[in-house]
Amino acid sequence: MTTNINQIDFKKSLSGEEIAFLIGCSGDNSKALREMAGQKTIEIRGSKVWFRGLIELSNICIKDCFYCGIRKSNTKVPRYNLDDEAIIQAARYAFENRYGSVVLQSGERFDDEFIDRIDKLIKRIKEISDNKIGITLSLGEQTKETYQKWFNSGAHRYLLRVETTSKDLYQKLHPENELHSFERRLEALKALQEVGYQTGSGVMVGLPGQTISDLANDLLFLKEFDIDMVGMGPYIEHEDTPLAKSHQSPYTQEERLKMTLNMIATLRLMMPDINIAASTALQAIDPMGREKAIKCGANIIMPNITPAAERKNYQLYNNKPCIDESADDCLSCLQMRIAFTGRETGLGEWGDSLHFFKKQ
Ligand code: SAM
Ligand code: SF4
């Protein structure tokens, strides 16, 4: 049984048992793990942290994930749908401020009107930035045809978290119907890879019913699935969701923060050339949560550039940070925060996943 990080040979593939030890470790072990991962990031990916300007274009969602604050059945949320001009203006802001990329994120929908609208937006964003801005999508499960259509129009990265790779737990976190099936999620991830996207996935950490061995399996899954980019964040309760009302996480928020940081560090050592995001949810638990993630393996940050008026209605969980700030506040505070970690800001560059190109 592993009881000390010195027992682990990092030159070999890590076993599930070793990964579980690393996720749960504290004190000197955790310090050594995070330092090693921070050094590996700089060695393989360089010192830069790249920006993805996040545009939360709508909180309308046809799905009912039990953990999410904007799930369809939450009638307390005023629904919004940014108009095209507001989205283009946000993308223009990103371009003018030399963010290399934007992320278009929203609740899930797959009606024709939505699909065509996204398609037109992708083309317009390409147009206004003279093809210079990278476009990442985070619009949930779609058909392969839809993924292909958006790819042909200029999107080149896609984020779709698997949420958890324990099928049993996945089913407990979602209603029992076709729309929320675990198999459908995996098929969507496969389709993204087949179309040719740089494919991102990830999980929530510290969910009710989730064990450290589940989390170790999640990291093994990300490696086996040959994922190019990862976003992992702590699960945070939202008071108006069925999950928060019926089940408590077995982990304190402090423990979820620790496990997430250890997971980022462990994954960096397992997959040195991928992109890893410092998720916003880390900051909801610890004001320095994202900086800590950057120090131990993350190299991507996603400043929120959604117009401030709508941000309060995209509350996936309690205490979401930066909901009252304008994009400018976020940019300057982030630049300071990155400098504080001793790293550089990769402004004006796409900052693609090295892993993706090595596979080609
Ligand atoms: N609807 C799309 C989807 O589900 O892929 C994109 C938007 S969704 C809000 C983005 C991510 O938010 C989800 O993949 C999930 O991991 C995260 N999320 C939702 N509720 C959360 C919660 N209570 N705590 C932490 N993360 C949460
Ligand atoms: Fe909708 Fe995504 Fe929230 Fe699920 S996690 S309810 S798909 S916005």
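A residue is taken to be near a molecule when its C-beta atom, placed from the backbone, lies within 6 Å of that molecule. In this predicted model, that puts C61, K63, C65, C68, I70, R71, G107, E108 and G140 around ligand 2. Sorted by class, this shell comes out as four nonpolar, two polar and three charged residues.

Turning to the inside of the protein, nonpolar side chains in soluble globular proteins tend to be buried together. Here the largest nonpolar core holds 96 residues, and I55, A91, V102, L104, M263, I264 and I300 have the most contacts inside it. Helix 10, spanning residues 253–270, is the top contributor to this core, giving seven residues. As for L104, once its neighbours within four places in sequence are set aside, its contacts are I55, L57, I118, L121, I135, L137 and L139.

Helix 1 (residues 16–24) has its own buried stretch, made up of I19, A20, F21, L22 and I23. Helix 10 turns up again here, as part of what covers these buried residues, along with helix 2 (27–45) and helix 8 (212–224).

Then there is strand 5 (residues 198–201), which pairs with two other strands. Strand 4 (residues 157–159) runs parallel to strand 5 and is joined to it by three bridges, with Y158 sitting opposite T199. Strand 7 (residues 229–234) also pairs with strand 5 in the parallel sense, over two bridges, and here S201 is opposite V230. Side chains in a regular strand alternate between the two faces of the sheet. In strand 5, Q198 and G200 point one way while T199 and S201 point the other, and all of them are buried.

Technical notes
Residues are numbered from 1 along each chain as its sequence is written. Chains are lettered from A and ligands numbered from 1 in the order in which they are written. This is a predicted model: local features need pLDDT of at least 70, side-chain atom pairs count only at pLDDT 80 or more; totals for chains, interfaces and linings use all residues. A nonpolar core is a set of buried Ala, Val, Leu, Ile, Met, Phe, Trp, Tyr and Cys residues joined through C-beta atoms within 7 Å. A residue is buried if 20 or more other C-beta atoms lie within 10 Å of its own, exposed if 12 or fewer, and partly exposed in between; C-beta atoms are placed from the backbone. Helices (H or I, at least four residues) and strands (E, at least two) are DSSP runs, numbered from the N terminus. Two residues are in contact if their C-beta atoms, placed from the backbone, lie within 7 Å. Ala, Val, Leu, Ile, Met, Phe, Trp, Tyr, Cys and Pro count as nonpolar, Asp, Glu, Lys and Arg as charged, and the others, Gly among them, as polar. Two strands pair if DSSP finds at least two bridges between them.
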